[in-house]
Amino acid sequence: MSRSGPVKGLLVAVVASVAAVAGAQFHQHRHQRLPIVAGPAVARVASLSEYGEGLARTMADTKVFFLQGAEPGGSALIMAGTHANEIDALLSALIFVENAVVEKGTLIVIPQLNHSASVYTRPGDGCPLFYGIETPWGTKVFRFGDRGASPLDQWPDPDVYVHYPDAQLLSFLDARNTNRSWPGRPDGLLTERVTAAVMRLLAEERVDIALDLHGAETMFPVTNCIVAPERSMRIATMASMTVTAMEGFENHVEPSPKGFRGLSHREIGDHSDTAPFLLEAPFPFLDQPTGPKTRDLLMTGRDPFLLSLAGQQKLFVPYDESGWPIEKRVGQHCSVALEIINQFSRKRADRAIRISEVPRYADLVRNGVGFYFHDPSKADPARVHLD
């Protein structure tokens, strides 16, 4: 009697079990929402679809937090989650939302700009689905996202992505990348609708400066820096020099290329009255020659392969046995963002923006990231928003 029948049946059962478990995990990842506790300055929470009708009832719609000062002044926008696998940006933006006290002007924060990318990841590359940040009240769990929007939300990918309005030919992968789709178009691809909605927000809310937070490989020269076009260069240079001299971490300025289209730090400046800045913090998890893409690497930035490359002077940032821990990466984002806002306010006293109670680099290194997150279960339910 042949045994092939029972063996095949067993294999089918095993494959079905694995598929069921994986399907349940992916479903949980796509549909789990992030609780955000609105801090003392949050006066209004909007949806990005209020500025772009093509986003309503899609996974690309996302929360927009308006932090209002007691005195009138200018307006700044902080965006994170452009690339949802660059977690330091999201964590930094949430620290502003949950802690900032705005004394003058308005601060607008979009924690998950490419929300569709935040509900998509690539476990085939060994990436975790979730990660946790330890807080005084327990572990706050986050989704680990991807660089581009989910193909479940935007499909199919074109053979070549034709950027609007310049018609520059880009990689097909860039069609789902919100840092290649600026300035967007209201009736375009989903990512183009996202950036078009932000462009409308910039105009309607009279936003003076826009900060786009990112993380970059240690082997990539455009890291540990502020990227700025000509109109933003003076403020970026002063902010970089100040944090380097006063706070003890390295930071430099990179010019925004004129010939590469679709980038926030180029298109926002070219298509609006807002001065854009893009912040890059070192993020070793993105480097290719590393060990397994574990949660430990995500948090600590420690990797033996990168340490060896550092000894060969192949990296563009300082690197030793301590790696690049998340406290330093988030701390740099907070300090650089605050300093850009401060330098703008010095230059434009009539449009000044004053913010307090946001930790800077030394505070994050000393206290950790989780210290600044509030327990949603203890907060007023009306102040807890799911994104």
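Helices (H or I, at least four residues) and strands (E, at least two) are DSSP runs, numbered from the N terminus. The model described here is predicted: local features need pLDDT of at least 70 and side-chain atom pairs count only at pLDDT 80 or more, while totals for chains, interfaces and linings use all residues. Residues are numbered from 1 along each chain as its sequence is written, and side-chain values use heavy atoms, with hydrogens and water left out.

The loops hold some backbone exceptions. Most residues other than glycine have a negative phi, and most peptide bonds are trans. A167, in the loop between β8 and β9, is not a glycine, yet has a positive phi of about 65°. Its relative accessibility is 46%, so A167 counts as partly exposed; on this scale buried means under 20% relative accessible area, exposed over 50%, and partly exposed in between (1.4 Å probe, protein chains only). E357 also has a positive phi, about 70°, and is not a glycine. E357 belongs to the loop between β14 (354–356) and α10 (361–367) and is exposed, with a relative accessible area of 56%.

Two cis peptide bonds can be described next. One joins W155 and P156, with omega about 0°, and P156 lies in the loop between β7 and β8. Another joins W182 and P183, with omega about -5°; P183 is in the loop between β9 (169–170) and α4 (190–204).

D157, in the loop between β7 and β8, and R176, in the loop between β9 and α4, are 19 residues apart. They form a salt bridge whose closest N and O atoms are 2.9 Å apart; the term stands for a side-chain nitrogen of Lys or Arg within 4 Å of a carboxyl oxygen of Asp or Glu. D157 is partly exposed at a relative accessible area of 25%, whereas R176 is buried at 10% relative accessibility. D174 and R180 form a salt bridge as well, with the closest N and O atoms 3.9 Å apart. D174 is buried, with a relative accessible area of 13%, and R180 is buried with 11%.

Elsewhere, R360 and E339 meet in a salt bridge at 3.1 Å, N to O. This pair connects distant parts of the chain: R360 is in the loop between β14 and α10, E339 is in helix α9 (residues 326–347), and they are 21 residues apart. R360 is partly exposed, with a relative accessible area of 26%, while E339 is buried at 6% relative accessibility. Salt bridges with shared partners also join D166, E230, K258, R261, R266, E267 and D270 into one network. The structure holds 26 salt bridges.

Strand β10 (residues 209–216) is mostly covered, with 8 of its 8 residues buried. In a regular strand the side chains alternate between the two faces of the sheet. In β10 both faces are covered: I209, L211, L213 and G215 are buried on one side, and A210, D212, H214 and A216 are buried on the other. Strand β4 (residues 71–79) pairs with β10 in the parallel sense over 4 bridges, where pairing requires that DSSP finds at least two bridges between the strands. M79 stands opposite D212 in β10. β10 also pairs with β13 in the parallel sense, over 8 bridges, and I209 stands opposite A275 in β13.

A search of the whole structure finds 6 aromatic pairs. Rings of Phe, Tyr and Trp (its six-membered ring) pair if their centres lie within 6.5 Å; planes under 30 degrees apart count as stacked, over 60 as edge-to-face and the rest as tilted. The ring centres of F144 and F285 are 5.4 Å apart and the planes are at 65°, so this pair is edge-to-face. F144 lies in the loop between β7 (138–143) and β8 (161–162), and F285 in the loop between β13 (275–282) and α7 (295–300), 141 residues apart. Both F144 and F285 are buried.

The rings of F283 and F285 have centres 6.0 Å apart and planes at 25°, so they are stacked. F283 is buried at 0% relative accessibility, and F285 is buried with a relative accessible area of 3%. The charged end of K293 sits over the ring of F285, 5.3 Å from its centre; this term requires NZ of Lys or CZ of Arg within 6 Å of the ring centre and within 35 degrees of the ring normal. Likewise, the charged end of R44 sits over the ring of F66, 4.0 Å from its centre. Y131, F142 and F373 form one aromatic cluster.
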